[in-house]
Protein chains: 2
Amino acid sequence: MPESLLVVGSIALDTLRTPYGEAKDELGGSATFFSVAASLFAPVRLVGVVGEDFPPDYRQVFDSRQIDTAGLVVVPGGKTFRWHGSYQGAMNEARTEDVKLNVFGDFRPVIPPPFRQSRLVFLANGSPVTQASVLDQVEKPALVVADTMNLWIDTQKDALLALLARVDGLVLNEGEARMLTGDPNLVRAGRKILGLGPKFVVIKKGEHGALLVANPQTVGGDSPNRSVCPLPAFPATEVCDPTGAGDSFAGGMMGYLASTGAFGFQHLIRAMAYGTVIASFAIEDFGLRRFNHLTIDEVDSRLRDYHDMLAF
Amino acid sequence: MPESLLVVGSIALDTLRTPYGEAKDELGGSATFFSVAASLFAPVRLVGVVGEDFPPDYRQVFDSRQIDTAGLVVVPGGKTFRWHGSYQGAMNEARTEDVKLNVFGDFRPVIPPPFRQSRLVFLANGSPVTQASVLDQVEKPALVVADTMNLWIDTQKDALLALLARVDGLVLNEGEARMLTGDPNLVRAGRKILGLGPKFVVIKKGEHGALLVANPQTVGGDSPNRSVCPLPAFPATEVCDPTGAGDSFAGGMMGYLASTGAFGFQHLIRAMAYGTVIASFAIEDFGLRRFNHLTIDEVDSRLRDYHDMLAF
């Protein structure tokens, strides 16, 4: 029986431009990608905020999946968070053309009472103060994983360090890992982050995959000598829009962990492999579109291909 | 019984500066790193050129290994190729501070008659015209692999394209693969390179590993549906000097292939895994120093660790 999985983060309307075309007012946001990806594996409890302009069709994206929207607040008269971004060339980096935080700017998440016993918690990218306020409301989580970004490392480092002492796992990209630790070597950077509290850290490298660095004393599992796992990205040829790849990765990872209920090193690696495969689907079309016709059978089939690729 | 392996390329005296220190007149050059790495697996036939200033101690580096130096020319009164480079931060890119081609500038490789029946040939980075002249002298090679660089893509593209029609494999870095094909997606770039002639291409991504793209029709092996393999770099914490990592990678790869004598897809993947592990040793110390006390047992032990890391 899957464990319950809570996510708190942004829900957005994205306008995107990539070498493959444009899309306007696509459903996006960290909590959205995370929820939809995770819901392939386990029931998800979503906490977020939108404005009155949030289209009913988009609400249906959640309601048609095992995503509980009891924590989705609609602000009367408010406008949904909007992000306008573009990508060029190898699409390794998004360029933000425009941001309007709108109702997300004043988001003070309130966790509905039935959600407070959630066993797994994902704190999508947000202010570490807000992330900590979520943790204050959760009763006895078994696994808390946070995402963060350069903005918070730069402007709220103390709050971020206080948060890191309270989480089991951290997900961040390679530039952020280097920025947080001052160490250009990613394995050493990962180990320095473990020194700040987490049992494991997943460093995302975009098209180059991800690196897991874990503390074998605290993570547990049947492989006490293993603490590092580099996984390449799935070698995709159809990359249409990288938006949400990282949050889809985290959703696949946490969704898989919720489905197994075990969090040892070997489970983390397999979870990361699922995250990798889910992200490879996410980028094949604009926004969330690929998830509209993605089955768990397709996911498992690609996971087998991915597994076979790495067998030498 | 291992197959015979011929390499033609540069032998240099490198002066290096990295965040970990400096080294002056270290033995370097593409053919040097390649030979020393490959000789862990199979006998190597080296063709290159040095000046009269080449230290006897460095000659001993070859002579103490299974590296045949019958093709090593010493130019009377000449000076050895010198490269002065530096690395900063994450050390992803070398900065060339100074280059003196010296005797290497006029290098017109002559393959000694006993080397002309070599079954495996590695054309280390050099002008495609020179690389083709080597091929003209080799009688019936079973596997020819070439390295190249941006300079030749830029200045001798026609000669490079003519060469590519004659080789079985190409090794190049990710920026070069994008430059050669105009495609930012590395899998597609790899497939476009296959369209130019090679049966397989290995795209090196430095600290992010390597990507193999093969033509299943021509490479053969027991896995007709497999044509792409991404391998991460071995997660190293001691990166002292990346000089020669790519050539050590190629040496480990080709050395392993020479030791097995089979070149199907599955062999290529395993060869790439060996190359990855060899490169991870090469960068632990300046120049070739780590190879002075590297045993095949250490290599096999790290290969097992690497294999286990990727098992999910």
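Buried area is the accessible area (1.4 Å probe) that two parts lose on being put together, summed over both. Keep that in mind for our two chains. This is a predicted model, where local features need pLDDT of at least 70, side-chain atom pairs count only at pLDDT 80 or more, and totals for chains, interfaces and linings use all residues. Residues are numbered from 1 along each chain as its sequence is written, chains are lettered from A and ligands numbered from 1 in the order written, and side-chain values use heavy atoms, leaving out hydrogens and water.

Now the interface. Chain A and chain B bury about 3,100 Å² between them, and carbon and sulfur atoms give 60% of that. In chain A, the residues losing the most area to chain B are A:His208, A:Thr237 and A:Phe312, together 26% of what that side buries. In contact (heavy atoms within 4.5 Å) are 38 residues of chain A with 38 residues of chain B.

How many salt bridges cross the interface of chain A and chain B? The rule, a side-chain nitrogen of Lys or Arg within 4 Å of a carboxyl oxygen of Asp or Glu, finds two. A:Arg178 forms a salt bridge with B:Glu207, with the closest N and O atoms 2.9 Å apart.

Next, symmetry. Superpose the copies by least squares on the C-alpha atoms of residues with pLDDT of at least 70 in both. A rotation of 180 degrees, with 0.0 Å of shift along its axis, puts chain A on chain B at an RMSD of 0.0 Å. That is how a two-fold axis relates them. The same surface serves both copies, as 100% of the contact residues of chain A recur in chain B.
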